[in-house]
Amino acid sequence: GQTQWTISACLGDAKIDMCSVSDLAYIVPKLLEAREIYDGYNVKVSAEKISMEEVAETFADLFGKDCIYNPLTVEEMASMDIPGADAFGQMCQFLASPFSS
């Protein structure tokens with residue numbers, strides 16, 4: 001049978017910025033060619049905004065596994081027994097907010 005994968009994060013139904021390796025393969029050389037313009041700057045790269053449900057669907061399609069998104073609250077994320085869980089919860093909270101756009 002299929003192995004089920006679970007993506008747990010506190011992003012709710014927010015759509016977050018994503019890009020693929022092929023997107024980066026096109027963009028990064030362009031940035032390096034124009035170092036005089038971009039040197040010292042943080043460049044935000046995004047090909048599309050997608051939800052974690054869509055990420056789970058993409059993983060399922062790519063890897064042939066049953067993959068689901070398990071939305072957590074910030075508190076649930078921060079209380080997980082993994083290193084940096086509280087910081088990860090704060091990061092997810094920021095990414096899900098309008099301030100990250």
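A residue counts as buried when its relative accessible area is under 20%, and as exposed when that area is over 50%. The exercises below use this definition on a predicted model.

**Exercise 1. Decide whether cysteine 67 and cysteine 92 are buried or exposed.**

Solution. 
Step 1. Cysteine 67 has a relative accessible area of 10%, so cysteine 67 is buried.
Step 2. Cysteine 92 has a value of 2%, so cysteine 92 is buried as well.

**Exercise 2. Find how many disulfides the chain has.**

Solution. 
Step 1. The cut-off is needed here: two cysteine sulfur atoms must lie within 2.5 Å.
Step 2. From the sulfur of cysteine 67, the closest cysteine sulfur belongs to cysteine 92 and is 15 Å away, which is too far for a bond.
Step 3. For cysteine 92, the nearest cysteine sulfur is that of cysteine 10, at 4.1 Å, and cysteine 92 is in no disulfide.
Step 4. The count comes to zero disulfides.

**Exercise 3. Check the length of α3 and work out where its buried residues lie.**

Solution. 
Step 1. The buried residues of α3 are Met52, Val55, Ala56 and Ala60.
Step 2. Viewed down the helix axis, these buried residues fall within an arc of 140 degrees, so they line one face of α3.
Step 3. The face turned away from the buried side carries the exposed residues Asp61 and Leu62.
Step 4. The cover over the buried residues of α3 includes β1, β2, β3 and β4.

**Exercise 4. Describe the largest nonpolar core and the place of isoleucine 7 in it.**

Solution. 
Step 1. This core has 15 residues, and Ile7, Leu11, Met52 and Tyr69 have the most contacts inside it.
Step 2. At least two of its residues come from each of β1, α3 and β4. The largest share, four residues, comes from α3.
Step 3. Neighbours within four places in sequence aside, the contacts of isoleucine 7 include Met52, Val55, Ala56 and Phe59, as well as Cys67 and Tyr69.

Conventions. Residues numbered from 1 in each chain as written. Predicted model: local features only at pLDDT ≥ 70, side-chain atom pairs only at ≥ 80, totals over all residues. Heavy atoms only, no water. Core = buried A, V, L, I, M, F, W, Y, C linked by side-chain atoms within 4.5 Å. Buried < 20%, exposed > 50% of the residue type's maximum accessible area, 1.4 Å probe, protein only. Contact = heavy atoms within 4.5 Å. Expected span 1.5 Å × (residues − 1). Arc of directions from axis to C-beta.
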